[in-house]
Amino acid sequence: MYTLQLSFIFALYMAKIIIIGPAHPLRGGLATFNHRLAKEFIAMGHDCTIYSFSLQYPSLLFPGKTQYSDEPAPEGIPIKTVINSINPLNWLKVGRQLQKENADIIVVRYWLPFMGPALGTILRSAKKSGQAKIVCIADNIIPHEKRPGDTAFTKYFIKPVDGFITMSEKVMKDLRTFTTQAPAALVQHPLYDNFGAIISKETARLHLNLPQEANIVLFFGFIRKYKGLDLLLNAIALLKNQIPNLKLLIAGEFYEDEKPYSDLIQELQIQDIVILKSNFIADSEVKYYLCAADVLVQPYKNATQSGVTPLAYFFEKPMVVTNVGGLPDLVPHEKCGLIVQPEPQSIAEGIRRFYELGEKHFIPHLQNEKQKYGWGNIAEAIISKV
């Protein structure tokens, strides 16, 4: 009853909402998500500000080339760049600032236990005002790559949170190993609809200087061991002489040593069919990569959910995904894509099956399924958790 009453009240007046998480000039999927969620709250009539990081990761701990975007800031979104992830005095200062904000809802992103001490301390301080309700969007509870202190940091973070949103069953199960009492809802990752409209395959390939007649398989996103690019490279080697004009387009920055992958490409003798774009893909370029490809492959070895899947849905791109974590829950088999096992032979068979069915087979299913993933769903779920 309390939740229903509060949801009704928020529908009648403008709520003050603060999102804690990465935002411009920081780059990446979390920042993109936070910008889009803030725009949704603002479009609903609420007052929304993002509290972002002045220092997100120390340079020694950041695996990529740069943490910052050179693209313009999103319009109409107030962003305060104030949180230092490694300075406890800063955590207390930011917490006091949040007390003064008198927000109705604080939405906090949690994706890595490293952030647990900073965010947990900020939230404890922010709650002293007694007004704000705290809702966590949990991207990960148990990280892909485990480190000492993960469990303690996550326990510390979770305690001041009033409610949770997860975007996969896997994360929900992980959450329930830490807390069984806090309200939590599973909401599918919304579609990224802020990278521009769908363009023709011909236009996209021309822009990227890709061969027009090739059969192009896309791996998209930053590269880490759990993403399984090595599995995909081995699968492509199996298909080299089976699918004519086959090309593997790898679009994403290496977040680990590139050499083992370069060596594997040479060992498999597939350098002539691999197109490597190993820089960070700017927001303005995303549509070209998705639209240039025939199919997007997510060969992950383990996963929670993936921000790449909503991209594929928005650009109506069929997927081949491995049967790990929350990936298969989002891709109806032989409708929106194909579900395979995380090993090269199965991935190769999935790609081969895609070309047997043809891209047009999947498009109506993708167009129908994508209607489920609106930003209003997650915005309303956040409000209902308080």
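Biologist: How many bridges join strand β4 to strand β5?

Modeller: This is a predicted model, in which local features need pLDDT of at least 70 and side-chain atom pairs count only at pLDDT 80 or more, while totals for chains, interfaces and linings use all residues. Residues are numbered from 1 along each chain as its sequence is written, and side-chain values use heavy atoms, with hydrogens and water left out. Strands (E, at least two residues) and helices (H or I, at least four) are DSSP runs numbered from the N terminus, and two strands pair if DSSP finds at least two bridges between them. Strand β4 covers residues 105-110 and β5 residues 133-138; they run parallel, and the number of bridges joining them is six.

Biologist: Which residue of β5 is the bridge partner of Val108?

Modeller: Strands of a sheet pair through backbone hydrogen bonds, either parallel or antiparallel. For β4 and β5 the arrangement is parallel. The partner of Val108 in β5 is Cys136.

Biologist: What is the order of the strands in the open sheet?

Modeller: The sheet has seven strands with parallel pairing. Its edge strands, each pairing on one side only, are β3 (79-84) and β7 (184-186). The order is therefore written, by DSSP pairing of at least two bridges, as β3-β2-β1-β4-β5-β6-β7.

Biologist: What angle does the direction of helix α4 make with that of β4?

Modeller: Helix α4 (residues 116-126) packs on the sheet, touching β1, β2, β3, β4 and β5, where contact means heavy atoms within 4.5 Å. Axes are lines fitted to C-alpha atoms, for helices over the stretch in contact, and angles run from 0 to 180 degrees between N-to-C directions. The angle with β4 is about 170°.

Biologist: Which residues do ring pairs link into a cluster with Tyr192?

Modeller: Rings of Phe, Tyr and Trp (its six-membered ring) pair if their centres lie within 6.5 Å; planes under 30 degrees apart count as stacked, over 60 as edge-to-face and the rest as tilted. Tyr192 and Phe195 are edge-to-face, at 5.8 Å centre to centre and 75° between the planes. Tyr192 and Trp375 are tilted, at 6.3 Å and 45°. The residues linked with Tyr192 are Phe33, Phe195 and Trp375.

Biologist: Is Trp375 buried or exposed?

Modeller: Buried means under 20% relative accessible area, exposed over 50%, and partly exposed in between (1.4 Å probe, protein chains only). The relative accessible area of Trp375 is 3%, so Trp375 is buried.
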